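Reader: Please take one residue of this model and describe its surroundings closely, then go on to the parts around it.

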Amino acid sequence: MSSERRSQLGIDVGGTSIKGAVVDLRTGELAGAIHSELTPSAATPDDVAAAIGRIASAVEWRGPVGVALPGVINGLTLRHAPNLAAEWATEGALTDLRAPTGANAVTINDADAAGLAELTYGNTGLESHGLTIVLTFGTGIGSALLHNGELIANSELGGLVGPEGCFEELASGRAISAERLTPCDWARRAQPFFDEIEVILNPARWVVGGGLSESFDSFASKLKLSKPISVAHLGVHAGIVGAAVFAAHEHRMRMPELVR
Ligand code: BGC
């Protein structure tokens, strides 16, 4: 750990809510209450910056803030963020996040944040077992690739397309709620997604996070997989925790020009 910091504010910007909490960096546990707001529809960088400011002042936080975002971080733009406003993709959009705290907002993809949290505090063995794929099922489907203890950032496996369409639209947490999918309905849609990834990337294990982590047993038990699958240890808080870890620590990550 390169920092002396013992705690760090992490904020997870989702398509449905923006949640933040101070994280105890020694344990990965939340050191205070979660502050949560509904994400405005087609939220702009200004909307999110204002929410970050409100959350930071609610917890009396000064200093850099770790922010997990639902899209690909590419320089100072955010791409592939269908649940936010289109202007996130304009050059410099991420600089607008700095204003509210007067400090740096250190940004990371939300699923990568969840993967980083798992790597740091979660399931044991992730640092030495080849490729682990973390999939987060919430408003969208996020993915994090963890290879022998390194995060390979900005994968977008939820964007894969199967015979019936884009898996993110068919099998996300939002699809489950909106279409009242039973675990069997969901598994029929999600099975080809897992199969496709298995063929392409040959992972050694799977970890499931996001909203689906709360009903993991009933849903995951309907899948037929050749490799072990487990629930994200940090559950729905993994994005907050990973954003905090990313802001506070230096990590070995293969994400050269795509970060910050
Ligand atoms: C975005 C991903 C994100 C996922 C989960 C997708 O729509 O493209 O970057 O990780 O949603 O929020």
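Author: At 10% relative accessibility, T39 counts as buried, a word used for values under 20% relative accessible area, with exposed over 50% and partly exposed in between (1.4 Å probe, protein chains only). The model is predicted, so local features need pLDDT of at least 70 and side-chain atom pairs pLDDT 80 or more, while totals for chains, interfaces and linings use all residues. Residues are numbered from 1 along each chain as its sequence is written, and side-chain values use heavy atoms, with hydrogens and water left out.

T39 sits in the loop between β3 (35–38) and α1 (45–58); helices (H or I, at least four residues) and strands (E, at least two) are DSSP runs numbered from the N terminus. A polar atom of the T39 side chain lies 2.8 Å from the backbone oxygen of G14, and one lies 3.0 Å from the backbone nitrogen of S17. Leaving aside residues up to four places away in sequence, T39 touches G14, G15, T16, S17, I18 and L84, where contact means heavy atoms within 4.5 Å.

Helix α7 (residues 238–248) is another enclosed part. Eleven of its eleven residues are buried, so α7 is largely enclosed by the rest of the structure. The buried residues of α7 pack against β1 (7–13), β2 (17–24), β4 (65–69), β7 (105–109) and α2 (110–121). Among the buried residues of α7 are I240, V241 and F246.

Methods. Polar contact = N/O pair within 3.5 Å; in protein donor to acceptor, adjacent residues only side chain to side chain.
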